[in-house]
Amino acid sequence: MTEPTTPQSCGVVAILGAPNAGKSTLVNALVGQKVAIVSPKAQTTRARVMGIAIEGDTQIILVDTPGIFEPERRLDRAMVAAAWDGTDGADLVALVVDGKGGIGPKVHAVIDSLRGRKGRKVLILNKVDIADKPRLLGHAAKLNEALAFDETYFVSAQTGDGVPELKAALAGAMPQGDWHFPEDQVSDATDRMLAAEVTREQLYLQLHAELPYASAIETEKYSEREDGSVEIHQQILVARDTQRAIVLGKGGQRLKEIGSRARAELSKLLGVPVHLYLHVKVNPKWEEDRSLYRDIGLDWVD
């Protein structure tokens, strides 16, 4: 007689918050490996990134959304729309707040928008490793006064403090049901999309404030060679000649360094050697290219 198997559970958790709250770092920590790019720059995440975490017999589908802010451009509007779309059909919405940075207008704007939303909502105060504890507790009290959260958690996505407890709690809140993805799958992003994101991450990490958000990565070619390695050709799109010069650097050294680090990161993530070829192209109207939005994973917003 076969032993009865434990029923599986599976559900969706939408990760919301203002820019730079640490949402992507938290998703990576919950999954146990990198599925979303991270930089100190706000609004790094542009599209919905789905991370898949396993806790016992439960599969947690984590939707890492762009930070919610006041949109000014078409790209901004598409990013904010993607954030709210990410909550559709979620079994639980988690609001991530920077515990060190505190509660500003952007956090209150998200809370106001969540107030009429049905379903379970939890509060996650992040960066507890660098936050003042009394101030942290004050933030928790004020936020729960503004919106009655079902639970409040204190974590550091960077150090992992509190993450196992949060993961177990999220798993416990998921409904019974079959898993939606194979056990070894950690994200819904294709390797082609991942390659573009890793290069964009290096742009942000190496250029910091030198290059504003008027840049995007277009993957022109992604193919496997006979030896198992991967060949990738990408265009770094910028709006002006001055921005192209910034990306290239003196004698093209900045671009070489961006490519070198992106290649190393991709080789690690894909598990195969990577041949990465980068070019910088000036296109003042790249934000009006519908096909580029599709490649990024965003819907066109009028």
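Helix H7 (residues 241-248) lies across E8 and E9, running at about 155° to E9. Helices here are DSSP runs of H or I with at least four residues and strands are runs of E with at least two, numbered from the N terminus; angles run from 0 to 180 degrees between N-to-C directions, with axes fitted to C-alpha atoms, for helices over the stretch in contact. The model is a predicted one, where local features need pLDDT of at least 70, side-chain atom pairs count only at pLDDT 80 or more, and totals for chains, interfaces and linings use all residues. Residues are numbered from 1 along each chain as its sequence is written, and side-chain values use heavy atoms, leaving out hydrogens and water.

The sheet itself is open, with three strands in the order E7-E8-E9 and mixed pairing (two strands pair if DSSP finds at least two bridges between them). Its edge strands, E7 (215-224) and E9 (274-282), each pair on one side only. From one strand to the next, the twist averages 20°. E8 (residues 230-238) runs parallel to E9, and nine bridges join them; isoleucine 232, for instance, has leucine 276 in E9 as its bridge partner. Helix H6 (residues 191-207) packs on this sheet and touches E7, E8 and E9, contact being heavy atoms within 4.5 Å.

As for helix H1 (residues 23-31), eight of its nine residues are buried, so it is largely enclosed by the rest of the structure. Buried means under 20% relative accessible area, with a 1.4 Å probe and protein chains only. Just after H1, glycine 32 takes a positive phi of about 100°.

Methods: Buried < 20%, exposed > 50% of the residue type's maximum accessible area, 1.4 Å probe, protein only.
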